[in-house]
Amino acid sequence: TSPATAFTTPTPNKTMRVLVALGFLLASASAFTTSPRWAGHARARAVKTNAAPSMDMAEVFANVPQAIAAAAASDGYEYGAVNAPGWVLPVGALAVILTAAVPVLLSPGEEALEQQRVDEETLRNEGRSSRRK
């Protein structure tokens, strides 16, 4: 072939496939970008949170224990308390015991499988010996 015919022009079908694939690629890439609608809100929050503090850091750290105590007193929640229903512990214990018993319950099946393998190997060896005679 001549060098002029080595490069063929793409068919319209191939061009359409490439354009569709490119469109899907660009559409899926837009999932990883921030929408302009939400970008303004993020900037506004960043400006509010980056504002200069009115207290120095020593004052902030000095007020932290009082703020925690006030928050704990205001909501009435006992931090660290576990208030699970009474049935959770027995059901959980039963589930753990049954899970631990699974190998014991499955051992007869495993023994039967091993016996079946031995029987099949015996039959296979008998079949080979009968063919030789």
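1. Arg124 has a relative accessibility of 43% and therefore counts as partly exposed. This value, like those below, is taken from a predicted model. The partner of Arg124 is Glu121, and their side chains form a salt bridge with an N to O distance of 2.9 Å. Glu121 is likewise assigned to the partly exposed class, because its relative accessibility is 36%. Both Arg124 and Glu121 belong to helix α5, where a spacing of three residues places them about one turn of the helix apart.

2. How many salt bridges does a search of the whole structure find? The search returns two. Besides the pair described above, Arg117 is bridged to Glu114, with 3.2 Å between the closest N and O atoms. Arg117 and Glu114 lie three residues apart in helix α5 (residues 88-132), so about one helical turn separates them. Arg117 is partly exposed, its relative accessible area being 47%. Glu114 is also partly exposed, at 39%.

3. The confidence of the prediction should be read alongside these contacts. In the protein chain, confidence is highest in α5, with a mean pLDDT of 87, and this is the helix that holds the pair Arg124 and Glu121 as well as the pair Arg117 and Glu114. Confidence is lowest in helix α3 (residues 36-49), where the mean is 54. Over the protein chain the average pLDDT is 75, and 65% of the residues score at least 70.

4. The secondary structure consists of five helices, with zero strands. Along the sequence the order is accordingly α-α-α-α-α.

5. From first C-alpha to last, α2 reaches 26 Å, close to the 26 Å expected at 1.5 Å a residue. Leu19 is located in this helix, which comprises residues 12-29. Leu19 counts as exposed because its relative accessibility is 52%, and the cut-off for that class is over 50%.

6. Which residues make the nonpolar surface patch of about 740 Å²? The patch is formed by Met16, Leu19, Val20, Leu22, Phe24, Leu25 and Leu26.

Note on methods: Residues are numbered from 1 along each chain as its sequence is written. This is a predicted model: local features need pLDDT of at least 70, side-chain atom pairs count only at pLDDT 80 or more; totals for chains, interfaces and linings use all residues. Side-chain values use heavy atoms; hydrogens and water are left out. Helices (H or I, at least four residues) and strands (E, at least two) are DSSP runs, numbered from the N terminus. Patches are made of residues with over 30% relative accessible area and no salt bridge: like charges are joined within 9 Å, nonpolar side chains (Val, Leu, Ile, Met, Phe, Trp, Tyr) within 5 Å. Accessible areas come from the Shrake-Rupley method with a 1.4 Å probe; for residues, only the protein chains shown count as cover. A salt bridge is a side-chain nitrogen of Lys or Arg within 4 Å of a carboxyl oxygen of Asp or Glu. Buried means under 20% relative accessible area, exposed over 50%, partly exposed in between (1.4 Å probe, protein chains only). pLDDT is the predictor's confidence in each residue, from 0 to 100. The expected span of a helix is 1.5 Å times one less than its number of residues.
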